[in-house]
Amino acid sequence: MEGYIDIHSHIIPGVDDGARNMEEALLMLAAAYREGIRSIIATPHVSYRRDEDRYRKLESAFLELKERAEKEIPELKLYLGSEINYSQDTVYGLCKKEIPTLAGTSYILVEFQPFCEYRYIKGGIQSLIMGGYKPVIAHVERYHRLRGEVEMFEELISMGAYLQSNAMSITGGAGRESKKLTKRLLQKGLLHFIATDSHNVLSRPPDIAKCLTATARKYGEKYAKELSMHNADKLLRDRYI
Ligand SMILES: [Fe+2]
């Protein structure tokens with residue numbers, strides 16, 4: 001295993017609010033490479049509305065990017081995934097194979113509305129697990145409005161969920177509340193992944209190195225490597241973390 005593995009990236013051009021075109025996607029790839037990232041799971045936004053064409057469109061845009069990327073930076077591996085905006089239809093869409101899982105594994109990246117109630121998140125996680133999937137909750141620090149947040153995350157983890165934070169939130173670029181929550185989760189060893197959630201090269205670039213250096217200094221090299229490499233490596237092999 002070599003380099004960081006970024007499990008959250010809006011790098012596929014022209015499919016969501018991430019890279020606008022191939023040129024921008026290639027700039028993002030080069031920036032990610034400079035940060036030390038060697039594998040990226042592309043995770044475009046998906047809101048399942050029985051749009052059967054969505055998967056096909058994502059897949060063809062992804063394959064086009066992958067082909068270009070292999071020529072430009074052959075050391076960087078790309079995989080297809082998605083960031084699922086959870087709804088009642090999500091499990092159905094996954095079972096019908098109309099929503100990409102992370103790199104074809106049973107892991108999925110899922111987000112909920114930041115203002116939704118805990119019992120809705122818990123119910124969603126439960127249904128995904130019952131459906132046979134391993135849910136990774138995207139940018140978990142956005143749920144800092146949940147009362148008793150850390151205990152709730154402990155419960156979600158005990159059910160079988162995994163937690164991902166954005167590198168930018170850990171370094172403070174997403175506000176004080178998000179930073180405070182990531183700190184608490186790191187202190188308790190409750191995070192599983194740090195990823196970039198990059199959308200472009202300027203306002204939301206694929207920065208991760210600075211965050212990981214600070215994480216290693218405060219919480220240990222071993223944990224920083226788990227969050228940026230080892231857990232994601234297990235994910236790519238579809239093994240339990
Ligand atoms: Fe995202």
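Lys-96 has a relative accessible area of 41% and is therefore partly exposed, a label for values between the buried class, under 20%, and the exposed class, over 50% (1.4 Å probe, protein chains only). The model is predicted, so local features need pLDDT of at least 70 and side-chain atom pairs count only at pLDDT 80 or more, while totals for chains, interfaces and linings use all residues. Residues are numbered from 1 along each chain as its sequence is written, and side-chain values use heavy atoms, with hydrogens and water left out.

The partner of Lys-96 is Glu-98, and their side chains form a salt bridge (3.8 Å, N to O); the term stands for a side-chain nitrogen of Lys or Arg within 4 Å of a carboxyl oxygen of Asp or Glu. Glu-98 is buried, at 9% relative accessibility. The whole structure holds 14 salt bridges.

Another of these pairs is Arg-68 with Glu-72 (3.5 Å, N to O). Both belong to helix H2 (residues 52-72), where a spacing of 4 residues puts about one helical turn between them; helices (H or I, at least four residues) and strands (E, at least two) are DSSP runs, numbered from the N terminus. Arg-68 is partly exposed at 35%, and Glu-72 is likewise partly exposed at 48%.

A salt bridge also links the side chains of Glu-149 and Arg-184 (2.3 Å, N to O). Because Glu-149 lies in helix H5 (residues 149-159) and Arg-184 in helix H7 (residues 176-187), this pair ties together parts that are 35 residues apart in sequence. Glu-149 is buried at 8% relative accessibility, whereas Arg-184 is partly exposed at 29%.

Attention now turns to a serine. Ser-106 sits in the loop between helix H3 (90-95) and strand S6 (107-111), and it is buried, with 15% relative accessibility. Its side chain makes a polar contact of 2.7 Å with the side chain of Lys-134, and another with that of Asp-238, again at 2.7 Å. Such a contact is a pair of N or O atoms within 3.5 Å; within protein, one must be able to donate a hydrogen and the other to accept it, and residues adjacent in sequence count only if both atoms are side-chain atoms. Beyond its neighbours within four places in sequence, Ser-106 is in contact (heavy atoms within 4.5 Å) with Gly-132, Tyr-133, Lys-134 and Asp-238.
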